[in-house]
Amino acid sequence: MDQDLVVRVQAGDQRAFETLATADYARLQRLAYSVLADPASAEDATQQALLDIWRKVRRLRDPAKYEAWSYRLLVRACYAEARRQSKWMTRVDLASADELRAVDAYGVVADRDQLERGFQRLSMDHRVVIVLRFLLGMSPEDLAATLAIPRWTVYKRLQAATRAMRAALDADARSVAVVAGKQEALR
């Protein structure tokens, strides 16, 4: 991120903020969508984060840390948006035509759906660390700085999220096996 641009925004330059917001929008939107799994909620969280950035940017002491700071504001906006939602909505990714032509297209879709169901069962804390670590590729140290939590907490959350995801996938596989067994018994 251009530190000069951040400094200009801190000085109240609205055009600099427009440039910054335009440059950051896709990055923030992608993260919000990955965490919230709902386009409308992700849009709301992104807009709130951009508003918070404009309101709070003067408090940022080190412009070099702008990116992590903006992620922190976005994560807070995602938490707030999640609280406003009565329940999580399932993300639907339409498969491309090439993906459907794959040898085992059904298996690809089934695996993706199973992963999505497992991800939906994770707590917000676990979703956030999974997305930041594996989608954005943040190191545990960067995650700790972004979330303003101790590094050991990041490790504990990653471990707990991995266990929860594994348990959700195992439970989903067992329920599919039970349903398949009942269908076979009816024949």
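**Helix packing and a pocket in the predicted model**

The crossing of H1 and H2 is left-handed (the near helix is turned anticlockwise from the far one by less than a right angle). The structure is a predicted model, in which local features need pLDDT of at least 70 and side-chain atom pairs count only at pLDDT 80 or more, while totals for chains, interfaces and linings use all residues. Residues are numbered from 1 along each chain as its sequence is written, and side-chain values use heavy atoms, with hydrogens and water left out.

Helices are DSSP runs (H or I, at least four residues), numbered from the N terminus. The axes of H1 (residues 3-10) and H2 (residues 14-36) come within 8 Å and cross at roughly 130°; axes are lines fitted to C-alpha atoms over the stretch in contact, and angles run from 0 to 180 degrees between N-to-C directions. Leu-5, Val-6, Arg-8 and Val-9 of H1 meet Ala-16, Phe-17, Thr-19 and Leu-20 of H2, contact being heavy atoms within 4.5 Å. By class, this contact has 6 nonpolar, 1 polar and 1 charged residues.

The second largest pocket has a volume of about 180 Å³. A pocket is an open set of points on a 1 Å grid where a 1.4 Å probe fits, with protein on both sides within 12 Å along at least five of seven lines, and lining residues have an atom within 4 Å of a point. Helices H4 (66-84) and H8 (140-147) each give two or more residues to the lining, H4 giving the most, with 5 residues. The lining includes Trp-69, Tyr-71, Arg-72 and Asp-142.

Technical notes. Grid points are joined across faces, edges and corners, and a volume is the space filled by probe spheres set on the points. Ala, Val, Leu, Ile, Met, Phe, Trp, Tyr, Cys and Pro count as nonpolar, Asp, Glu, Lys and Arg as charged, and the others, Gly among them, as polar.
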